[in-house]
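Please look through the sequence and the model before reading on.

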Amino acid sequence: MAALSWLCRTGRTMTARGHVFNSTFITRRTIASNSRFFQVSEEIRQAISEKKPVVALETTIYTHGYPYPTNVKLAARLEELVRQHGGVPATIGILDGVARVGLAADEMTRLASSPGSPNVLKISRRDLCFALGLKDANGNPFNGGTTIAGTSVLAHMAGIKIFATGGLGGVHRGAEQTMDVSADLTELGRTPITVISAGCKSFLDIAKTLEVLETQGVAVATFADGRSGSVDFPAFYSRDSGVPSPVTLQNEMDAARVIYAQHALGLQSGMHFANPIPEEHEIPFAKMEVAIAEALQAAKAAGQIGARATPFILDKIKRITGSKSVEANTALVEANIIRGTKVAVALQQLERDGMGDHALNETQSTVTGPAASNYSPQGVPISYASAGQFSSSPTTPSHRISSATLTSPEQRADIFVAGSLAVDLACDFTPRSSSSHTPALQTSNPARIAQSLGGVGHNVAYAAHLMGSNVRLCSAVGSDLTGKAALEALTTAGLSTAGIATFSADSGARTAQYIAINDAHKDLVVAMADMSILEIPSTTSSIIKTTFDHFWLPQLQTSRATHVVLDGNWPAEYLTLWLRAARTFNAQVLFEPVSTTKSTIPFQLTGEDTLSTFPTPSIHLSTPNIHELTSMHAVARSAGLMDREDWWSVIDALGIPSTGARTAFAMATSSALVDQGVPQQAVQLLPFIPTLLTKLGAEGVLLTQLLSANDPRLTSPEARPYIVSRCRNGTEDSLGVGGVYMRLFPPAERVPAEEVVSVNSVGDTFAGVLVAGLAKAKREGREARVEDLVGVAQRAAVVTLRSEGGVGKDVSKMRAEL
């Protein structure tokens, strides 16, 4: 039982130093996160599990500081700043009698809607048990904003190391008579968290505050912020206070090194790094002293002491100084959030670098003390070191493998899916009589409207994820409520958000949305899509190009992706970037056309980025429907791609007679499809896309594939009925073309109309399962044949057809079929 307290505290267990048990982070934290009193949001649990830089944010500033709705807007703004600078915000507060780490937007609005109300408590460490264990006079659970002390406790319980806020509490002036000392100081003495603020509030006794922090064993430093030499510890509204800072930090990496060293030693005290207010928003110290003296006198006259003193004094200062102090307060909070996020990002970098052989060999110190179980003997946090270790059993020691093969869970991905992430609205027409099955135009219609997470890229990624693939979705959301909801939904679904960029509100980007209007049979009538977030032209903004270069491309470089899926929502200039990268890393590319218009984008590429042909095609596989196939063929022809010599060389090598192959095509498919020109169009596109799976709705799927000269199917009796042509011009050795494989797969099941729930994600499910099967075969070192995967992909599509809310979750039951 003696080890239980440390199990709760550290989230890890040890049998001996350096011998790590094989368990996941989320599993280790279930004692805390599943408590009725303490809940960590899915997004934060996922972020901590993936070792992302998480930044804690307090809520007293909203409940006992800013008025409504200014406080809600500020909360959204501060979370946005964290995301913009590479972090994950974890806003902490008490809601409905539960301590919550990672408040959702609607939860934040509920908490902050009644600032200053007696029903909204100010929560420090001492108040937590009362706020969680009791109810008000009406039997309702309490809500509350957490102070620095309260937030530090809860952030540490969740495993968060960095906490950015406005100003630190401290020793009040005249404390020798009142003994009024903020619990923030003692909390930092007992909780290993780093608080970044603008120093203690200027109406406090700064010199005595630093003395108490020293007594508590709290490391204190101040960022130089462009200054040289020694600097003062800041006084909240003022950059200088007349009290020298114990230590000066030059930048965020210096701060991260200090934090890293402190955690490596296992010290259980906290740290405070002061960030001076931006110079342009500073209120000179002498001027503030006049306002402070008046505010302190008013507080004394009003008998405002203890927890009530600080809000009263701040409000009085605001009244005395007018809007300037409010503007300064907002500016310093934003600056602290940015600084704190940058420190968290730098710390993440240091902790990951510590896994390399060089760093491990150079670190020879032995970790001792009660937190030793958090670290390897070399001082590397176990949560990072375990990414490069394995355990053969729960009772055998782990063994470190070569750094050349180390890839953290966040880096590994068999499949990269680059495309849209959207909120989908499916509007199914529900006629009041059976006389009409189609909604009327220019008026409102009765409908059943369902909301879900969608977007072609997301749907393909989710389907592949359900089939067991390690998949990375690369997309973007806006800094809006819809975007935050989308991120939380991804985390809940178990999909990594590591590849999701959040664009700031200043960029004008909106989270994508898709609205489908379906008839009474749930067949699509018309759809409206706002996918502009991926379509921002480089002439207007460099945000997509910058994000690709510095966010998505590095992830692709460090992953082990064998397959890249691109949806048609990328404009030509950005699709080109993905195709270049995939070719560099020798990844197989699957193109999901999205629509008749967007299906043609690859055929509009020009110059050195024009589509290349077999045997080194830019795109290896595509899954158009019959209309998209027609559009692709038409644009390829009109753009002159079928006049190119390399196209003709491949077509000539296919062995199609000059008189055509109508009979062979009709035997492999049907006369009706030949009359529509479907197999002919597919064959003519094969030089650019060697594998085409044309979705024919109720008629099934047509596989048209260019076989290489050494493909065993060319001599296989089982494949003979599907070989519609063979190379006959003697170029097998030089060009490598063997022939054409064409096969019509009937529908897996004819689903009655009354059982159809949604058609919107059916094709995406098909593509996701298909690429999951191909990636699995590649990973296992066996040959993957598309025809062996079509059946399971079709059956998975039927599951989605019968499911509500996009890709059907029961698709996961088909994993064993791959």
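The side chains of Asp-96 and Arg-110 meet in a salt bridge, with N and O 2.8 Å apart; the term denotes a side-chain nitrogen of Lys or Arg within 4 Å of a carboxyl oxygen of Asp or Glu. This pair links distant parts of the chain, since Asp-96 is in the loop between strand S3 (88-95) and strand S4 (98-101), whereas Arg-110 is in helix H7 (residues 105-112), 14 residues apart. Helices (H or I, at least four residues) and strands (E, at least two) are DSSP runs, numbered from the N terminus. Asp-96 has a relative accessible area of 31% and is therefore partly exposed; Arg-110, at 43%, is partly exposed as well. In these terms, buried means under 20% relative accessible area, exposed means over 50%, and partly exposed lies in between (1.4 Å probe, protein chains only).

The model is a predicted one, in which local features need pLDDT of at least 70 and side-chain atom pairs count only at pLDDT 80 or more, while totals for chains, interfaces and linings use all residues. Residues are numbered from 1 along each chain as its sequence is written, and side-chain values use heavy atoms, with hydrogens and water left out.

**Salt bridges**

By the rule given above, the structure has 34 salt bridges. Side chains of opposite charge can pair when their charged atoms come close. Another such pair is Glu-43 with Arg-83, whose closest N and O atoms are 2.7 Å apart.

Glu-783 counts as exposed because its relative accessibility is 52%, and Arg-785 counts as partly exposed because its value is 24%. Elsewhere, salt bridges that share partners join Asp-225, Arg-239, Glu-252 and Arg-339 into one network.

| Salt bridge | N to O distance |
|---|---|
| Asp-96 and Arg-110 | 2.8 Å |
| Glu-43 and Arg-83 | 2.7 Å |

Contact here means heavy atoms within 4.5 Å. Thr-491 counts as buried because its relative accessibility is 2%.

**Aromatic pairs**

The structure holds 10 aromatic pairs. Rings of Phe, Tyr and Trp (its six-membered ring) pair if their centres lie within 6.5 Å; planes under 30 degrees apart count as stacked, over 60 as edge-to-face and the rest as tilted. The rings of Trp-552 and Trp-578 have centres 5.9 Å apart and planes at 40°, so this pair is tilted. Trp-552 lies in helix H21 (residues 543-558) and Trp-578 in helix H22 (residues 572-584), so the pair ties together parts that are 26 residues apart in sequence. Trp-552 and Trp-578 are both buried.

The rings of Phe-603 and Phe-688 have centres 6.3 Å apart and planes at 85°, so this pair is edge-to-face. Phe-603 and Phe-688 are both buried. Ring pairs also link Phe-548, Phe-551, Trp-552, Trp-570 and Trp-578 into a cluster.

**Helix H11**

Helix H11 (residues 183-190) has as its buried residues Asp-184, Leu-185, Glu-187, Leu-188 and Gly-189. These buried residues pack against helix H9 (148-158), strand S8 (194-197), helix H12 (206-215) and strand S11 (271-274).

**The chain as a whole**

The secondary structure of the protein chain comes to 29 helices and 27 strands. Of the 818 residues in the protein chain, 55% are buried. Among contacts between residues at least 6 apart in sequence, 75% join residues at least 24 apart. The accessible surface of the protein chain comes to about 34200 Å², and 53% of this area belongs to carbon and sulfur atoms. Accessible areas come from the Shrake-Rupley method with a 1.4 Å probe; for residues, only the protein chains shown count as cover.
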